[in-house]
Every structure is written in C-alpha cells, then in structure tokens.
Amino acid sequence: MIPQTDINGPDWKHAWEMMRNQRMRPIQIEYDPEFMAKLAKDHSMIVGYNNYEYGKRATKALGDILGRDFRVLEIGAGPGTLTVPLSKKVKQIVVVESSGVAVESLKNNLNACHVGNVEIINKNWLEIDKNEMGDSFDLVVCSHFLWQMKDLDKHLAKMEEVSGGYCAVVQPAGRDSMVKEMWAEITGEPYMGQFDPDADHFAYLILRKWGRFIDVRNINYFIELDFDQEVRYIASFIGKFVKVDSQVIEMIEKYVSRKGLHREEQSAVVMWWSK
C-alpha cells in the first residue's frame, strides 16, 4: 500500500524513501542470463518510437519557455528520449549521465539523428562540481529521473543552483494495464501501485513549499512492442517483487498471447518553474 504524503509533516521523507525503495529494487531474472542486455536494447528502441514521439510532445509542452539561443542542462538523459527532439529547438545541450551503457546508446542515437550540439558528461549528477558544467543554464531539465534521487529536495535545489532561468521535470504517470493485470495474476494480489512511476507529486509539493509557482501540463504518447519486448517489459517490473523463472515467464508469455499486442497509450506530466 502506498503511504499518504504530507510534505509539511515529519514523515514525507520516510514516505519518499519507502516508495523509492520499491521502485528501485533489483530485477530478479532467472530464465535468461542476457535479459538485462536485451532490455537495454529494448529501451533504446522505445526511445525512437514513432520518430521520438515522447520527446517531441514533451518538447512541445515546454515550447512556451524555450528559446533558440538556450543553453540547456539535461540530467539523466538515458538513450536520448528527450535529448534528440530538444536538440532541434535550442543552441546547446549539456547532458549529465552516470550510466556508461546509457551513454553509448545516447551517442548512437545522436549520431543516427545527425545531432551535433550535445555535450556528454559521464558522471553522477549530485557529485559533479558546478564549475565543470560551465556557465549557468537557461533551462535545467530531467526526464523520467526522479526516482533515482535518494534526496529529492537536494536534487531540486541543485537544479535551481545551476539554472539562470527555468527548471523542468518530465515524469511518466501511471503504469499500463498489462503490467497491472499480470501482477494480479502472478501474485494473486490486487495491484496497489507498487511500481507506478508517479514521483511528480512529491516534487510539486516540495516546490510549492519553497514558494515556487509551477506550470503543469499533461502529455499523451504511444509505444508499441513486439512479443518478446512486451514479455521483457512485464518481467522487468514483476521481477522486482517475484523471481522470474521459467514457470513465471511461461505465465507471462501465455498472458501476452491471450491479450494480443497493441499500441499502448501512456501519459506524462511536464512541469516547469523559475526561482
């Protein structure tokens, strides 16, 4: 059960820690030793689905504050979901990404899209010195990143520290129906949001407590996976709570075969503010 959150009470950080620990659990996969490598390729493919639809819609939502001469800092870019579309609208993007695997995927995607205005810093965001990133940025943005931060308020404060203009968060909201249904079928328990990606409400409450006024928009986008990708996608979440062995994977495969593949509509929250 997800705890209720009171940002003004003494326990909001405890609530954040409990929820974050659920979402950041290691994946227990026993049926395929190459699962993580395949999953990484899946994620890289999803990034460019429908010509970077997710990133384009997020960039469009940020359009009111973007300028052609903007210098942007993107935190935790992954394989470039937002980076590639955003690079077409601004002068320069500096990316801070700690994962070597993600950096390689990002470089490949930038090259494939002929993007030349992105600089990559392969370091931990909270450990990097402000001076390493150069002058302040017109926009500091992170996408699908909040749950990686143990100290969310420290993360938001550092975003503001290096921003000379705006800060923005793009955060997926809600888990798709196939994952929820498969959870109930495998565990025998109703899905209670164990691995929903909703972290935006914590950030919103913190920022409002700081006196920030936040613009919020919702975007919808689609993804479409093939059979093996859908099976891995479901297993990657179920595996945070249940060991995915040959028996469990057979259940998932039968479920996907029964339900059939389809384009899945997903949603995200885009919010921005200035100091």
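The model is a predicted one, in which local features need pLDDT of at least 70 and side-chain atom pairs count only at pLDDT 80 or more, whereas totals for chains, interfaces and linings use all residues. Residues are numbered from 1 along each chain as its sequence is written, and side-chain values use heavy atoms, with hydrogens and water left out.

## Salt bridges

A salt bridge is taken here as a side-chain nitrogen of Lys or Arg within 4 Å of a carboxyl oxygen of Asp or Glu, and by this rule the count comes to 10 salt bridges. Three of them, including the pair of Lys-13 and Asp-153, are set out below.

| Lys-13 | Asp-153 | 3.0 Å |

The side chains of Lys-13 and Asp-153 meet in a salt bridge with an N to O distance of 3.0 Å. Lys-13 lies in helix H1 (residues 12-23) and Asp-153 in helix H6 (residues 152-162), so this pair ties together parts that are 140 residues apart in sequence. Helices (H or I, at least four residues) and strands (E, at least two) are DSSP runs, numbered from the N terminus. For accessibility, buried means under 20% relative accessible area, exposed over 50%, and partly exposed in between, with a 1.4 Å probe and protein chains only. On that scale Lys-13 is partly exposed, with a relative accessible area of 46%.

Glu-185 counts as partly exposed at 36% relative accessibility, while Arg-258 counts as exposed at 55%.

Two packed helices are described by the angle between their axes and the distance between the axes. The axes are lines fitted to C-alpha atoms, for helices over the stretch in contact, and angles run from 0 to 180 degrees between N-to-C directions.

H7 and H10 pack at an angle of about 135°, with their axes 11 Å apart. That makes H7 oblique to H10, given that angles under 35 degrees count as roughly parallel, over 145 as roughly antiparallel, 65 to 115 as roughly perpendicular and the rest as oblique. The contact, meaning heavy atoms within 4.5 Å, is made by residues that include Met-178, Glu-181, Met-182 and Glu-185 of H7 and Met-251, Ile-252, Tyr-255 and Arg-258 of H10. By class, the contact of H7 with H10 has 8 nonpolar, 1 polar and 4 charged residues, where Ala, Val, Leu, Ile, Met, Phe, Trp, Tyr, Cys and Pro count as nonpolar, Asp, Glu, Lys and Arg as charged, and the others, Gly among them, as polar.

Phe-227, Glu-230, Val-231, Ile-234 and Ala-235 in H9 meet residues of H10, among them Ile-249, Ile-252, Tyr-255 and Val-256. The residues of the contact of H9 with H10 divide into 8 nonpolar, 1 polar and 2 charged.

## Single residues

Gly-55 is found in helix H3 (residues 49-61) and is buried, with a relative accessible area of 0%. Leaving aside neighbours within four places in sequence, Gly-55 is in contact with Thr-81, Leu-82 and Pro-85. The C-alpha atoms of Gly-55 and His-114, which are 59 residues apart along the chain, are separated by 16 Å.

Tyr-52 is also found in H3; it is not a glycine, yet has a positive phi of about 60°, and it is buried with a relative accessible area of 9%. His-144, another residue that is not a glycine, has a positive phi of about 55°. His-144 is found in the loop between strand E4 (137-143) and H6, and counts as partly exposed at 47% relative accessibility.

Arg-212 lies in the loop between helix H8 (200-209) and strand E6 (215-223) and counts as buried at 18% relative accessibility. Apart from neighbours within four places in sequence, Arg-212 is in contact with Glu-160, Leu-207, Trp-273, Ser-274 and Lys-275.
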